[in-house]
Amino acid sequence: MASPTNTQPLNNNSLGIPQTASSLRPLPTGEASSLQPPPSLASTLRTPPSRTPAAPSSSLAPTSSTLPSSARPSKKVLLSPGHSPLDWAHLTSHPPSSTFLRGADVPPNLIGVPPSLLKHHNGRKGKNAWGVWQGKVYNLTPYMDFHPGGVDQLMKGAGREKDGERLFLEIHPWVNWENMLGECLVGILVGEEEAGKDEGGLEDMD
């Protein structure tokens with residue numbers, strides 16, 4: 001009598017293929033992630049998120065007292081209406097009189113200014129305030145109320161040979177003095193022995 005036919009389905013074991021429990025288990029999460037495709041080129045070109053640097057400690061931040069005098073900000077005053085830089089520019093272009101900017105006590109031509117005459121014009125007791133910049137003497141009086149640093153700062157150099165230029169360079173060396181006060185030019189600083197000599201020739205020195 002013939003043996004009964006085996007009708008069970010074939011499996012891998014019946015075909016001689018070894019089968020282990022580890023080969024049938026799903027891959028762990030870490031191994032699956034390692035098999036993911038590499039990121040696209042576009043993702044590698046993305047701009048990294050901006051990082052705002054931490055504010056420096058207040059104990060390390062420089063203060064005006066630790067900065068050199070040339071780097072300290074100048075103190076500004078509140079100017080009256082009509083005394084802005086634009087107003088000053090308009091005034092120098094359209095002065096109310098021919099003597100308003102240079103002063104009524106000087107001739108129309110440039111003069112030689114000895115130290116004694118400069119010292120006399122110190123801005124006190126109704127006198128004009130004269131200042132020196134690079135050997136040239138300017139009438140500071142009409143500019144007093146237009147000065148962003150106030151009248152007191154200009155008065156520190158009035159009638160003095162060196163103080164005005166020194167203070168100017170300490171506070172705002174980038175400002176163009178001659179563009180601002182060119183129309184207020186009185187003359188050239190000279191020695192006492194040269195005063196009154198060949199004043200007409202000073203026009204050629206401007």
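User: In which sense do strand β3 (residues 136-139) and strand β4 (residues 185-189) pair, and over how many bridges?

Analyst: Strands of a sheet pair through backbone hydrogen bonds, either parallel or antiparallel. Here β3 and β4 pair in the antiparallel sense over 3 bridges; two strands count as paired if DSSP finds at least two bridges between them. Lys 136 stands opposite Ile 188 of β4. Helices (H or I, at least four residues) and strands (E, at least two) are DSSP runs numbered from the N terminus. The model is predicted, with pLDDT of at least 70 needed for local features and 80 or more for side-chain atom pairs, while totals for chains, interfaces and linings use all residues. Residues are numbered from 1 along each chain as its sequence is written, and side-chain values use heavy atoms, leaving out hydrogens and water.

User: In what order do the 4 strands of the open sheet stand?

Analyst: The order is β1-β4-β3-β2, with mixed pairing. The edge strands, β1 (111-113) and β2 (130-133), each pair on one side only. Neighbouring strands are turned by 40° against each other on average, direction ignored; such angles, from 0 to 180 degrees, run between N-to-C directions of axes fitted to C-alpha atoms, for helices over the stretch in contact.

User: Which of the 19 residues in the largest nonpolar core touch the most other members?

Analyst: A nonpolar core is a set of buried Ala, Val, Leu, Ile, Met, Phe, Trp, Tyr and Cys residues joined through side-chain atoms within 4.5 Å. Buried means under 20% relative accessible area, exposed over 50% and partly exposed in between (1.4 Å probe, protein chains only). In this core, Trp 88, Tyr 138, Leu 140, Trp 177 and Leu 181 touch the most other members. Helices α4 (85-93), α6 (151-155) and α8 (177-181) each supply at least two of its residues. Neighbours within four places in sequence aside, Leu 181 is in contact (heavy atoms within 4.5 Å) with Trp 88, Tyr 138, Leu 140 and Tyr 143. Apart from this core lies another, of 8 residues, including Val 106, Ile 111, Leu 118 and Val 137.

User: How are aromatic rings read, and how many aromatic pairs are there?

Analyst: A pair of aromatic rings is described by the distance of the centres and the angle of the planes. Rings of Phe, Tyr and Trp (its six-membered ring) pair if their centres lie within 6.5 Å; planes under 30 degrees apart are stacked, over 60 edge-to-face and the rest tilted. The count comes to 6 aromatic pairs. Trp 133 and Phe 168 have ring centres 4.7 Å apart and planes at 65°, so this pair is edge-to-face. Because Trp 133 lies in strand β2 and Phe 168 in helix α7, the pair ties together parts 35 residues apart in sequence. Both Trp 133 and Phe 168 are buried. Tyr 138 and Trp 177 also form an edge-to-face pair, 5.7 Å centre to centre with 65° between the planes. Tyr 138 is in strand β3 and Trp 177 in helix α8, 39 residues apart. Ring pairs link Trp 133, Tyr 138, Phe 168 and Trp 177 into a cluster.

User: Are the side chains of Tyr 138 and of Trp 177 buried or exposed?

Analyst: Tyr 138 is buried because its relative accessible area is 2%. Trp 177, at 7%, also counts as buried.

User: How many salt bridges does a search of the whole structure find?

Analyst: The search finds 4 salt bridges, each a side-chain nitrogen of Lys or Arg within 4 Å of a carboxyl oxygen of Asp or Glu. Arg 166 meets Glu 170 at 3.4 Å between the closest N and O atoms. Arg 160, Asp 163, Arg 166 and Glu 170 are linked in a network of salt bridges.
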